[in-house]
Amino acid sequence: MPDLRELYQEVILDHHKKPRNFRKPEGANKKAEGFNPLCGDKISLFLQIEDGVVRDAGFVGSGCAISTASASMMTESLKGKTVAEVESLFERFHDLVTGRTPTEAGTAGLGKLEVFAGVRDYPVRVKCATLCWHTMRAALHDTTDTVATE
Ligand code: ZN
């Protein structure tokens, strides 16, 4: 799928150069740290959750293009979603990048996040793409230990 590959590179490079939500939201009330020792990706993830809805999301950290782009696009996609919707999105994204049997909901509704299907071809990169998602989930569940992909 050459088209998807081109899109993948274009979108990921754009988000790597200009990460969206690269900040700590003022009203953040959930936070978690993530680390991917395989690549050296580090992320601090912040969520502002009110009445079970993600009002704001942001991140700071340093990492490779894939991890930065993934966090950038993830934080964009979380805003306005309920915690239940976020959990469902996590499952679908995870299935998408690992290429496992999709959940019942499939990968529908992932929108732009579907460009990350390209990382399936690069197993080492799957951890870069999923680091922010695991960290986000830890923030949701108030996990205080640093999330490590290993
Ligand atoms: Zn990485």
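Trainee: Quick one to start: where is His 94 found?
Mentor: His 94 is found in helix H3, where helices (H or I) are DSSP runs of at least four residues and strands (E) of at least two, numbered from the N terminus. Please keep in mind that this is a predicted model, in which local features need pLDDT of at least 70 and side-chain atom pairs count only at pLDDT 80 or more, while totals for chains, interfaces and linings use all residues. Residues are numbered from 1 along each chain as its sequence is written, and side-chain values use heavy atoms, with hydrogens and water left out.

Trainee: And is His 94 buried or exposed?
Mentor: His 94 has a relative accessible area of 16% and is therefore buried, since buried means under 20% relative accessible area, exposed over 50% and partly exposed in between (1.4 Å probe, protein chains only).

Trainee: Which residues does His 94 touch?
Mentor: Leaving aside residues up to four places away in sequence, His 94 touches Arg 100, Thr 130 and His 134, contact meaning heavy atoms within 4.5 Å.

Trainee: What about Thr 130, where does that lie?
Mentor: Thr 130 lies in helix H4, and because its relative accessibility is 4%, Thr 130 counts as buried.

Trainee: Changing topic, which protein donors does the zinc ion have?
Mentor: The zinc ion has as protein donors Cys 39 (SG), Asp 41 (OD), Asp 41 (OD), Cys 64 (SG) and Cys 128 (SG), lying 2.2 to 2.6 Å from it. Donors here are N, O and S atoms within 2.8 Å of the metal (3.2 Å for Na, K and Ca), and sites may look incomplete because water is not among the atoms.

Trainee: Which parts does the pair Asp 41 and Cys 128 tie together?
Mentor: Asp 41 lies in strand E2 (residues 41-50) and Cys 128 in helix H4 (residues 123-140), so the pair ties together parts that are 87 residues apart in sequence. Both Asp 41 and Cys 128 are buried.
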